[in-house]
Amino acid sequence: MSNMTTDKSRVLIFDTTLRDGEQSPGATMTHDEKLEIAEMLDNMGVDIIEAGFPIASEGDFAAVSEIAKRAKRAVICGLSRAKPGDIERAWEAVKHANLPRIHTFIGTSPSHRAITGMDMDEMADVIHDTVSLARNLCDNVQWSPMDATRTEDDYLCRVVEIAIQAGATTINIPDTVGYTAPAESGDIIKMLLERVPGADEIIFATHCHNDLGMATANALAAVDAGARQIECTINGLGERAGNTALEEVVMAIKVRNDIMPYRTEIDTTQIMNISRRVATVSGFPVQYNKAIVGKNAFAHESGIHQDGMLKNAETFEIMRPEDIGLRETSLVMGKHSGRAALRAKLENLGFTLGDNQLKDVFVRFKELADRKKEIFDDDLVALMSTATGSPLEGELKLESLRVVCGTEGPQSAEMELSIGGKTNNVSATGDGPVDATFNAIKKVFPHAARLQLYQVHAVTEGTDAQATVSVRMEENGKIVTGQSADTDTVVASAKAYINALNNLVVRREKTAPA
Ligand code: KIV
Ligand code: ZN
């Protein structure tokens with residue numbers, strides 16, 4: 001893909017799930033999870049992947065470099081402040097990509113200028129110097145005036161012109177605090193296209209935050225005004241109320257192409273899978289009524305709607321579930337289903353398995369089918385989300401667990417936990433059965449990792465529903481996550497915690513000096 005396109009209807013999709021999304025407090029992803037999400041983004045047709053902020057940490061640098069090496073099709077972008085060290089570090093990370101991009105930014109609004117202590121002229125010089133430096137390193141340079149929507153019009157035009165003259169190939173207009181509204185978002189792009197010399201030579205991008213719930217509308221208004229790159233994240237992940245959601249802008253353009261005659265290269269049938277995966281690895285579940293990817297987005301519960309749907313799906317559905325890769329959530333499998341049926345069903349849900357992985361999933365499927373009569377698509381997705389990407393059986397393995405809970409405390413847990421093949425019997429008390437279980441694990445496997453997140457979700461309806469549990473832990477700045485699903489919430493919690501500890505063991509081995 002080249003930065004410029006002759007097709008005026010083509011809108012580039014710039015995904016920043018791994019940078020702005022990951023910046024959301026608590027959404028930290030592990031190195032392997034970042035690589036996996038980047039591969040999914042590349043496969044689904046995202047044009048530019050903002051893979052991270054290389055100067056921020058060694059971990060960010062390593063992830064951006066590795067993503068750059070592996071990318072097949074997408075441009076790989078690294079973020080940097082307006083500082084030579086940042087820009088050079090970003091280049092060191094993205095230079096491995098077939099199509100690298102440096103993205104550099106500075107806050108241009110009055111309050112950001114006050115923070116930096118620069119006046120308008122001083123900042124203009126910094127912009128010129130830093131964009132020139134970036135352009136000397138890389139042909140593809142994006143520049144952002146942070147808080148553009150609260151920057152004075154004349155000054156915004158002036159600095160955008162300077163950045164273009166210094167070699168920026170994309171100018172991004174961030175609505176950093178989610179303050180703008182659709183008409184204004186469009187007017188800013190229009191003004192820049194009209195007033196800035198050279199504006200027709202570059203691509204304008206729109207980068208919106210959702211503080212007032214207008215991020216999607218603001219992004220699309222900017223496109224109507226001439227922007228040709230939308231910056232967005234999967235599930236709208238991002239700081240505070242999040243960023244523009246990729247699935248929303250892409251599907252809005254697809255469904256209402258009559259009034260938004262634009263084109264993206266996104267394979268929309270991959271939306272549901274990546275949405276689920278980002279929700280799992282970030283630990284940020286998707287709200288039930290979220291547009292496009294929420295659990296209820298295609299559910300028709302009221303009698304009138306169901307009747308209409310049966311007569312003609314178009315009565316109430318403006319898009320088909322299969323357009324986003326969602327297959328009907330129906331009763332699918334039971335304890336008599338065989339391995340071939342499981343493989344076919346999982347393929348249908350977007351999971352292609354090798355023989356060994358299928359063997360493992362089949363065992364766990366049978367265990368589940370023994371306990372749960374009805375196995376729905378969502379149950380299988382939960383089974384897969386705990387099977388992908390992390391060691392299924394590591395150093396630690398739960399053999400058995402018994403808890404005592406109820407109104408009379410103290411609650412207690414008694415377990416057999418094998419470590420490196422040796423079974424340990426342990427018991428502990430705690431403030432509730434989950435706390436007791438975690439205390440028992442800590443007793444037999446002492447560690448200093450801090451629990452950052454513990455989250456439980458019911459996969460389907462009913463009291464026999466599986467619970468998926470996500471756990472995130474931190475040790476010496478290293479983040480690991482663990483997931484598990486089980487019809488018993490405490491067992492799922494124990495397994496998720498153990499899964500995170502197994503990942504921690506792998507992580508320690510990888511980072512230990514040779
Ligand atoms: O919201 C923002 O201003 C940003 C910039 C770094 C582009 O994320
Ligand atoms: Zn942002």
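A polar contact is a pair of N or O atoms within 3.5 Å. With that in mind, welcome to a few close-up views of this predicted model.

**View 1. Ligand 1 and its polar contacts.** Let us start with His209, whose side chain has a polar atom 3.0 Å from an oxygen atom of ligand 1. Which elements give two or more residues to the shell around ligand 1? They are the helix α1 (17–21) and the strands β4 (100–107), β5 (141–146) and β6 (170–175).

**View 2. The shell around ligand 1.** Take a walk around the ligand and you will meet Arg19, Asp20, His103, Phe105, Ser144, Met146, Asn172, Pro174, Thr176, His207 and His209. Sorted by class, this shell has six polar, three nonpolar and two charged residues.

**View 3. The zinc ion.** Some residues from the shell of ligand 1, including Asp20, turn up again here. Ligand 2 is a zinc ion, coordinated by an OD atom of Asp20 and by the NE2 atoms of His207 and His209, at 2.0 to 2.1 Å. Along the sequence, the donor residues of the zinc ion follow the spacing D-x186-H-x1-H. Are His207 and His209 buried or exposed? Both are buried.

View 4. The structure holds four aromatic pairs. Why does Phe53 count as buried? Its relative accessible area is 16%, and buried means under 20%. Phe105 is buried as well, because its relative accessible area is 16%.

**View 5. An aromatic cluster.** Here three rings come together: Phe438, Tyr454 and Tyr497 form one aromatic cluster.

**View 6. A cis peptide bond.** Most peptide bonds are trans. The bond shown here, which joins Gly409 and Pro410, is cis, with omega at about -5°. To find Pro410, look in the loop between β11 (396–404) and β12 (411–419).

**View 7. Two residues with positive phi.** Most residues other than glycine have a negative phi. Asp147 is not a glycine, and yet its phi is positive, at about 65°. You will find Asp147 in the loop between β5 and α7 (153–166). Asp147 counts as buried because its relative accessibility is 0%. Arg240 also has a positive phi, near 50°, and sits in the loop between β8 (229–232) and α10 (246–255). Is Arg240 buried or partly exposed? With a relative accessibility of 49%, Arg240 counts as partly exposed.

**View 8. Ala299 in its loop.** Our last stop is the loop between α11 (271–282) and α12 (303–311), where Ala299 has its place. Because its relative accessibility is 38%, Ala299 counts as partly exposed. How far apart in space are Ala299 and Asn289? They are 9.7 Å apart from C-alpha to C-alpha, and 10 residues apart in sequence.

Methods. Residues are numbered from 1 along each chain as its sequence is written. Chains are lettered from A and ligands numbered from 1 in the order in which they are written. This is a predicted model: local features need pLDDT of at least 70, side-chain atom pairs count only at pLDDT 80 or more; totals for chains, interfaces and linings use all residues. Side-chain values use heavy atoms; hydrogens and water are left out. A residue is near a molecule or strand if one of its heavy atoms lies within 4 Å of it. A polar contact is a pair of N or O atoms within 3.5 Å; within protein, one must be able to donate a hydrogen and the other to accept it, and residues adjacent in sequence count only if both atoms are side-chain atoms. Helices (H or I, at least four residues) and strands (E, at least two) are DSSP runs, numbered from the N terminus. Ala, Val, Leu, Ile, Met, Phe, Trp, Tyr, Cys and Pro count as nonpolar, Asp, Glu, Lys and Arg as charged, and the others, Gly among them, as polar. Donors are N, O and S atoms within 2.8 Å of the metal (3.2 Å for Na, K and Ca); water is not among the atoms, so sites may look incomplete. Buried means under 20% relative accessible area, exposed over 50%, partly exposed in between (1.4 Å probe, protein chains only). Rings of Phe, Tyr and Trp (its six-membered ring) pair if their centres lie within 6.5 Å; planes under 30 degrees apart count as stacked, over 60 as edge-to-face and the rest as tilted.
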